[in-house]
Every structure is written in structure tokens, then in C-alpha cells.
Amino acid sequence: FLVGSMIMNTSFLFAFVLAAFGAAGFALLALFDVSNAILIYTVAYSVACFYGDEGTPKRLFEKVFFSPPLWAVIVAILFSIFSITLPPVAFDFFNLLGAMTIPLIMLALGTYLEVDFVNPVRLFSMIGIRMVLGLVVGLIISAVLGVTGIARIIVLLGCSAPVGYTTLVFSTLEGLDKKFAANAVSLSIL
């Protein structure tokens with residue numbers, strides 16, 4: 001419940017934003033997703049570890065601090081800050097891997113897509129928090145900060161995005177309720 005409420009499925013939005021707003025919209029969503037990724041691989045993963053099978057503080061710190069996705073985000077930010085460019089061969093390789101991300105996420109979601117209404121009150125409460133309350137928070141933040149145009153649309157789409165697939169990944173890794181996580185991801189996408 002807690003992990004799913006925190007994780008935005010921004011990868012679900014990538015194809016739609018790219019089709020609707022082109023490269024400029026996609027770049028804004030990618031920028032928005034950097035903060036989402038940091039939140040996912042620190043706070044949300046910490047919560048999953050805390051409530052998981054091995055919720056000791058030492059083990060929690062080790063899992064979060066040595067998480068490969070967190071280090072990938074840090075390395076990507078450093079590359080951007082210091083304008084580090086990869087050799088063309090490496091760039092082409094990572095570009096190819098990146099191009100496969102959206103189709104692989106859609107295939108992976110398809111394998112877990114199930115609608116079973118396990119604990120429906122909690123399920124719809126969590127989806128409501130993630131999507132409806134997320135949208136309200138996005139509206140407030142964009143109004144307070146004066147965000148307009150495509151940037152505002154991207155913020156609102158991100159804040160109201162479905163429950164992130166990473167919820168199911170963390171539930172599997174940490175021995176949490178996988179069936180509930182699969183239902184939350186599936187129903188929120190529908």
C-alpha cells in the first residue's frame with residue numbers, strides 16, 4: 001500500500017508524451033522522472049525493505065545504498081553535470097538498450113496484468129491516493145510555482161500517473177504482497 005502510493009509509473013507515459021509533445025515534452029518528462037527515480041530508489045525502496053522479510057536497519061541501509069538503479073541515476077546525473085560524453089560505440093549500445101525500455105515494460109506489465117480485486121477497499125484507496133491525490137498535489141504545486149504550458153501538463157501527467165511497476169518488483173524482492181501489488185499496477189493502468 002505505502003510503496004505503491006509513492007511510485008509514479010512515468011515509463012507508462014513516455015510513449016504518449018513523445019507522440020503528443022515530441023522531443024521537447026519527452027525531455028521534460030525525463031527531467032521530471034529523475035526526481036521520481038531518486039524517490040523510488042531511496043524512500044520507496046527503504047519502505048519496502050523496512051516492511052519486507054529482512055527489515056533490520058543495517059540490511060535496509062545496505063540494500064538501498066548499494067542499489068544498482070540508484071547508482072545508475074547518480075552516474076547519469078554526474079555525466080550530465082560534467083558534460084561527459086560516451087564513445088560512439090558505447091552511446092549506440094546504450095541508445096539501443098534505451099529504445100527497448102518502453103516495449104519491455106509493456107511486455108512485463110502484460111505478463112502480470114490481472115484484475116482480481118484483492119482487498120478492494122485498500123486497493124482503490126491506494127490507487128486513489130496515487131492518482132487522484134497525486135493530481136491534486138500536482139495542481140497545487142504547479143499553481144504555487146507558476147508552472148505553465150507543456151511543463152505544467154508534464155507535471156500533472158506525472159503526478160497522476162498510474163501505480164509504478166517497480167511496486168511489483170519491490171514486493172517480489174522484499175517478500176511483500178505480490179498479488180496486491182500486481183492488482184494495483186494492473187487496475188491503475190486500466
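How are H2 and H9 oriented to each other? I started the notebook with that one, working from a predicted model.

**Entry: H2 and H9**

I looked up the axes of H2 and helix H9 (residues 166-174), and they lie 10 Å apart at an angle of about 40°. H2 and H9 are therefore oblique to each other. I also noted the hand of the crossing of H2 and H9, which is right-handed. On the H2 side I listed Ile 40, Tyr 41, Ala 44, Tyr 45, Ala 48 and Cys 49, and on the H9 side Thr 166, Phe 170, Leu 173 and Glu 174. Sorted by class, the contact of H2 with H9 comes to 8 nonpolar, 1 polar and 1 charged residues.

**Entry: Tyr 45**

**Entry: nonpolar cores**

I then went for the largest nonpolar core, which has 15 residues. The members touching the most others are Val 3, Ile 7, Ile 40, Tyr 41, Tyr 45, Ala 48 and Phe 170. H2, helix H3 (57-65) and H4 each put at least two residues into this core. H2 gives the most to this core, 8 residues. Apart from it I logged another core of 11 residues, including Met 8, Leu 13, Leu 29 and Ala 161.

**Entry: H2 and H4**

Back to helix pairs. Helix H2 (residues 10-51) packs with helix H4 (residues 68-81) at about 150°, the axes being 9 Å apart. The cut-off for roughly antiparallel is over 145 degrees, so H2 is roughly antiparallel to H4. I have H2 passing H4 in a left-handed crossing. Val 34, Ala 37, Ile 38, Tyr 41 and Thr 42 of H2 meet Pro 69, Leu 70, Val 73 and Ile 77 of H4.

**Entry: H2 and H8**

Last pair for today: the axes of H2 and helix H8 (residues 149-159) cross at roughly 95° and come within 10 Å. That makes H2 roughly perpendicular to H8. From H2 I wrote down Leu 13, Val 17, Phe 21, Gly 25, Leu 28, Leu 29 and Phe 32. From H8 the contact takes in Ile 150, Ala 151, Ile 153, Ile 154, Val 155, Leu 157, Gly 158 and Cys 159. The contact of H2 with H8 divides into 13 nonpolar, 2 polar and no charged residues.

Note on methods:
Residues numbered from 1 in each chain as written. Predicted model: local features only at pLDDT ≥ 70, side-chain atom pairs only at ≥ 80, totals over all residues. Heavy atoms only, no water. Axes fitted to C-alpha atoms, helices over the stretch in contact; angles between N-to-C directions. Helix = DSSP H or I, 4+ residues; strand = E, 2+ residues; numbered from the N terminus. Parallel < 35°, antiparallel > 145°, perpendicular 65-115°, else oblique. Left-handed = near helix turned anticlockwise from the far one by under 90°. Contact = heavy atoms within 4.5 Å. Nonpolar A, V, L, I, M, F, W, Y, C, P; charged D, E, K, R; others polar. Core = buried A, V, L, I, M, F, W, Y, C linked by side-chain atoms within 4.5 Å. Buried < 20%, exposed > 50% of the residue type's maximum accessible area, 1.4 Å probe, protein only.
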